[in-house]
Amino acid sequence: MTNRLKERFQRFMIGRYGMDQLGQFMAYVVLALVLLNFIIRAPLPSRIMGVLEFAGIVLMYGRMFSKNINKRSKENQAFLRRMFYVTEYLKKLRFQFEEGRKYRIFKCPGCGQKVRVPRGHGKISIHCPKCGEDFIKKS
Ligand SMILES: [Zn+2]
């Protein structure tokens, strides 16, 4: 019985696009919306999320069963390109955050130049690279 169902499904999927990274991403988004909907439980946002969930599911299956493989594949490529920029941007943010924890930035009282010093060394004398003024700060 299950084998016959599987066979029928496989026959149905012949010439159809199937799952890709964009499809997986949509599945995660729908799942996240469903979970969020459970948590929030306010009538209006819940209705909006319900519509989005439905639209996401329709779109996801529509793409999976689509016979326009070329077009779906291009959609996926465009999605992957965008995801690349997003992950690069997140990496940059994380890097800046970690730098921010390691260093402190002080403004030189003489010229206003920003000087970056490592944190956690107590009171230190900072030498401004621009105007040569020395000033003392707690790092
Ligand atoms: Zn200075």
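Visitor: What makes β3 and β4 a pair, and in which sense do they run?
Guide: This is a predicted model, and in it β3 and β4 are joined by five bridges in the antiparallel sense. Pairing asks for at least two bridges between the strands, so with five bridges β3 and β4 qualify. One of the partners can be named: I124 is bridged to K137 in β4. Six residues lie between the two strands of this hairpin, where G132 takes a positive phi near 85°.

Visitor: How do you know that β1 and β2 are paired?
Guide: The reasoning rests again on bridges, because at least two are required, and five of them join β1 to β2, which run antiparallel. Here R104 has V117 in β2 as its bridge partner. The hairpin formed by β1 and β2 has six residues between the strands, and G112 in the turn has a positive phi of about 85°.

Visitor: Which atoms are the protein donors of the zinc ion, and what makes them donors?
Guide: They are the SG atoms of C108, C111, C128 and C131, which lie 2.3 to 2.4 Å from the zinc ion. Along the chain the donors follow the spacing C-x2-C-x16-C-x2-C. Distant parts of the chain are linked in this way, since C108 is in the loop between β1 and β2 while C128 is in the loop between β3 and β4, 20 residues apart.

Visitor: Why is the arrangement around the zinc ion called tetrahedral?
Guide: The four donor atoms subtend angles of 107 to 113° around the zinc ion, and the name requires all angles to lie between 85 and 135 degrees, so the arrangement is tetrahedral. For comparison, the ideal angle for four tetrahedral donors is 109.5 degrees.

Visitor: How many disulfides does the structure hold?
Guide: The structure holds zero disulfides.

Visitor: What makes the length of α4 agree with that of a helix?
Guide: At 1.5 Å a residue, the 34 residues of α4 should span 50 Å, and the end C-alpha atoms of α4 are 49 Å apart, which agrees. The buried residues of α4 are R72, N76, A78, F79 and E99, and what covers them includes α2, α3, β1 and β2.

Visitor: Why is R72 called buried, and which residues does R72 touch?
Guide: R72, which is found in helix α4, has a relative accessible area of 12%, so R72 is buried. Not counting residues up to four places away in sequence, R72 touches Y17, D20, R63 and S66. Of these, S66 has its place in the loop between α3 and α4 and is also buried, with a relative accessible area of 10%. Leaving aside neighbours within four places in sequence, S66 is in contact with G15, R16, Y17 and R72.

Visitor: How do you know that α1 lies largely in the open?
Guide: Of the 12 residues of α1, the number buried is one, so α1 lies largely in the open. Helix α1 reaches 16 Å from its first C-alpha to its last, close to the 16 Å expected at 1.5 Å a residue. After α1 comes G15, whose phi is positive, near 80°.

Visitor: Why is R41 called exposed, and what is the phi of R41?
Guide: Exposed means over 50% relative accessible area, and R41 has 66%, so R41 is exposed. R41 is found in the loop between α2 and α3, and its phi is near 55°, a positive value in a residue other than glycine. Most residues other than glycine have a negative phi. The C-alpha atoms of R41 and Q77, 36 residues apart along the chain, are separated by 36 Å.

How values were computed. Residues are numbered from 1 along each chain as its sequence is written. This is a predicted model: local features need pLDDT of at least 70, side-chain atom pairs count only at pLDDT 80 or more; totals for chains, interfaces and linings use all residues. Side-chain values use heavy atoms; hydrogens and water are left out. Donors are N, O and S atoms within 2.8 Å of the metal (3.2 Å for Na, K and Ca); water is not among the atoms, so sites may look incomplete. Four donors count as tetrahedral if all angles lie between 85 and 135 degrees; four count as square planar and six as octahedral if opposite donors are over 155 degrees apart and all others between 65 and 115; anything else is irregular. Helices (H or I, at least four residues) and strands (E, at least two) are DSSP runs, numbered from the N terminus. A disulfide is a pair of cysteine sulfur atoms within 2.5 Å. Buried means under 20% relative accessible area, exposed over 50%, partly exposed in between (1.4 Å probe, protein chains only). Contact means heavy atoms within 4.5 Å. The expected span of a helix is 1.5 Å times one less than its number of residues.
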